[in-house]
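This report describes one protein for a reader who is new to structural analysis. Please consult the sequence and the structure shown below while reading.

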Amino acid sequence: MLDNALDGIKELFSTPANFMFFVFALTAIGGAIFAISFTKVIHIVVSLAVTFLSLAGLYVLLEAEFVAFVQVLIYAGAISILMIFGIMMTNHQAEDTQTKQTLHSWLLGIGIVSLFGILFYAIQNSSFPAPSGFEAGENNTEAIGRQLFSAHVIPFELMSVLLTVAFIGAIVLAKKEDD
């Protein structure tokens, strides 16, 4: 059984794409864990930006370049900058509360390692059928554009109006705080 698991690990790292998947996945998980663990808001925003960038790397590995580009442009860029501006415009005082919960930390670590082991074992011992009738990476940007501007044009326009109203509301609220 141990030899089977070691062969699975060797096979996992046999191709560069699998290795990069592992790197991007660990970076995304680490950034998310840091985002909920940090107490200073600017550190939380930076860890969220790292998570967003690693998710974009996963999208590139899945041959969804347009989604990866949008992930970097919208989430890693715009949302992170918007959060930083929101922090700068508000009077936020970061509180450093250091609580020593060593028992909880150890139990959390044991739980994470156990979950990883169970998931690794389950994935190694399962077979995934190949998708039928699907060609990955062939004009996916064009297909997204056609769907967005034909079948989903009304929700797209409603979302743009909603975001514009939210932006104007945020400006009005920020203006009232100055008065």
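## Helices and overall build

Helices are DSSP runs of H or I with at least four residues, strands are runs of E with at least two, and both are numbered from the N terminus. By this rule F19 is found in helix α2. The protein has seven helices and zero strands, and its elements, read from the N terminus, follow the order α-α-α-α-α-α-α.

The model is predicted, with local features needing pLDDT of at least 70 and side-chain atom pairs counting only at pLDDT 80 or more, while totals for chains, interfaces and linings use all residues. Residues are numbered from 1 along each chain as its sequence is written, and side-chain values use heavy atoms, leaving out hydrogens and water.

## Surface and contacts

The accessible surface of the protein comes to about 14200 Å², as computed by the Shrake-Rupley method with a 1.4 Å probe, where for residues only the protein chains shown count as cover. Carbon and sulfur atoms account for 71% of this surface. Of the 179 residues, 11% count as buried; buried means under 20% relative accessible area, exposed means over 50%, and partly exposed lies in between (1.4 Å probe, protein chains only).

A contact requires heavy atoms within 4.5 Å. Among contacts between residues at least 6 apart in sequence, 61% join residues at least 24 apart.

## The nonpolar patch

L6, I9, F13, F19, M20, F21 and L61 form a nonpolar patch on the surface, with about 580 Å² of accessible area together. Patches consist of residues with over 30% relative accessible area and no salt bridge; like charges are joined within 9 Å, and nonpolar side chains (Val, Leu, Ile, Met, Phe, Trp, Tyr) within 5 Å. A salt bridge is a side-chain nitrogen of Lys or Arg within 4 Å of a carboxyl oxygen of Asp or Glu.

Helices α1 (2–12) and α2 (16–37) each supply at least two residues of the patch, and α2 gives the most, with three. F19 counts as partly exposed because its relative accessibility is 42%.

S54 is found in helix α3, residues 41–61. S54 is classed as buried because its relative accessible area is 4%. Not counting residues up to four places away in sequence, S54 touches F24, T27 and A28. A polar atom of the S54 side chain lies 2.8 Å from the backbone oxygen of T51.

V50 also lies in helix α3. V50 counts as partly exposed because its relative accessibility is 35%. V50 and F24 are 26 residues apart in sequence, and their C-alpha atoms are 10.0 Å apart in space.

Technical notes: A polar contact is a pair of N or O atoms within 3.5 Å; within protein, one must be able to donate a hydrogen and the other to accept it, and residues adjacent in sequence count only if both atoms are side-chain atoms.
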